Amino acid sequence: MKKQTCRINYITSANAQQLEEAADLLDEGKGEITPLPIDRVRFRRSRKHFLAIDESSHKVVGVAVLKDDQDDAVEIGYLRVEPAYRGQGIGTELMRIQIMEARRLKLKLIYANVKHDNQNSIAILKNMGFQHWASYTSGKGRGTLYWLCFYLIFVPDVNVKAIMSKKNTNLTLIDSIPKL
Ligand SMILES: CC(C)(COP(=O)(O)OP(=O)(O)OC[C@H]1O[C@@H](n2cnc3c(N)ncnc32)[C@H](O)[C@@H]1OP(=O)(O)O)[C@@H](O)C(=O)NCCC(=O)NCCS
């Protein structure tokens with residue numbers, strides 16, 4: 001773990017005000033997560049929220065979720081750390097706690113869709129043992145986005161292909177990310 005300059009509390013059951021703060025944190029990063037404001041109803045409905053709170057200011061400085069899916073293969077997402085707090089291992093710790101929770105819930109698999117050029121996020125996923133599954137695209141024309149999907153399995157002999165063929169149905173599968 002890298003040196004942290006602030007003392008951070010990690011919580012897995014947030015109150016309504018903390019969830020609103022976390023949603024604000026996501027919206028402040030316009031373009032980092034999505035170009036549009038997040039869907040707060042969907043965000044609140046997430047199966048599990050993970051928040052990083054600055055112990056001295058009580059401010060929400062990091063967020064991640066297991067998305068709203070009662071299946072045993074669940075997407076993780078809404079990962080964002082406040083810029084001033086980056087590079088201290090908070091993103092990695094949020095991911096570690098998510099993985100622990102996924103194991104506790106006896107999930108078979110978790111997966112994440114990351115914009116193809118999001119090096120920090122890809123670094124965290126690879127460090128945690130996620131493997132590349134596929135490439136996708138969404139949107140059209142100048143709004144086209146390219147996504148890499150990574151997955152992590154928790155039990156042997158999981159049929160990843162069968163599981164993932166039912167996921168990401170809102171995205172278009174592509175062979176590879178084009179040279180942009
Ligand atoms: C991705 C994100 C959550 C990482 O949070 P973080 O707290 O900075 O993460 P960590 O400190 O654990 O660092 C993770 C990796 O990011 C990279 N990184 C972080 N800070 C960095 C810095 N200042 N300079 C260079 N690389 C850095 C490193 O590759 C690091 O991996 P390493 O541990 O192997 O060196 C954060 O950059 C962020 O909020 N980005 C914008 C939102 C986003 O992209 N979310 C993901 C959507 S899928």
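Two strands count as paired if DSSP finds at least two bridges between them. Helices (H or I, at least four residues) and strands (E, at least two) are DSSP runs, numbered from the N terminus. The model is predicted: local features need pLDDT of at least 70 and side-chain atom pairs count only at pLDDT 80 or more, while totals for chains, interfaces and linings use all residues. Residues are numbered from 1 along each chain as its sequence is written.

With strand 3 it pairs in the antiparallel sense over 4 bridges, and the two form a hairpin with 6 residues between them. Within this pair, V65 has G77 in strand 4 as its bridge partner. With strand 5, strand 4 pairs in the parallel sense over 3 bridges, and there V74 stands opposite I110 in strand 5. Further along the sheet, strand 6 (residues 131-138) and strand 7 (residues 145-153) run antiparallel and are joined by 7 bridges; Q131 stands opposite Y151 in strand 7.

Strand 4 is also mostly covered, with 9 of its 9 residues buried. A residue is buried if 20 or more other C-beta atoms lie within 10 Å of its own, exposed if 12 or fewer, and partly exposed in between, with C-beta atoms placed from the backbone. Y78 is in strand 4 and counts as buried because it has 22 C-beta neighbours inside 10 Å. Its phi is near 45°, a positive value in a residue other than glycine. Most residues other than glycine have a negative phi. H58 also has a positive phi, of about 65°, and is not a glycine. H58 lies in the loop between strand 2 and strand 3 and counts as exposed because it has 10 C-beta neighbours inside 10 Å.

Two helices lie across parts of the sheet. Contact means that the C-beta atoms of two residues, placed from the backbone, lie within 7 Å. The buried residues of helix 3, among them I90, L94 and A102, pack against strand 1, strand 2, strand 3, strand 4, strand 5 and helix 4 (119-127). Just after helix 3, K106 takes a positive phi of about 60°.

Helix 3 and helix 4 also take part in the ligand shell, where they and strand 4 each supply at least two residues. The shell has 20 residues, of which R86, G87, G91, T92 and A123 are the closest; a residue is near the ligand if its C-beta atom, placed from the backbone, lies within 6 Å of it. Helix 4 gives the most, with 5 residues.
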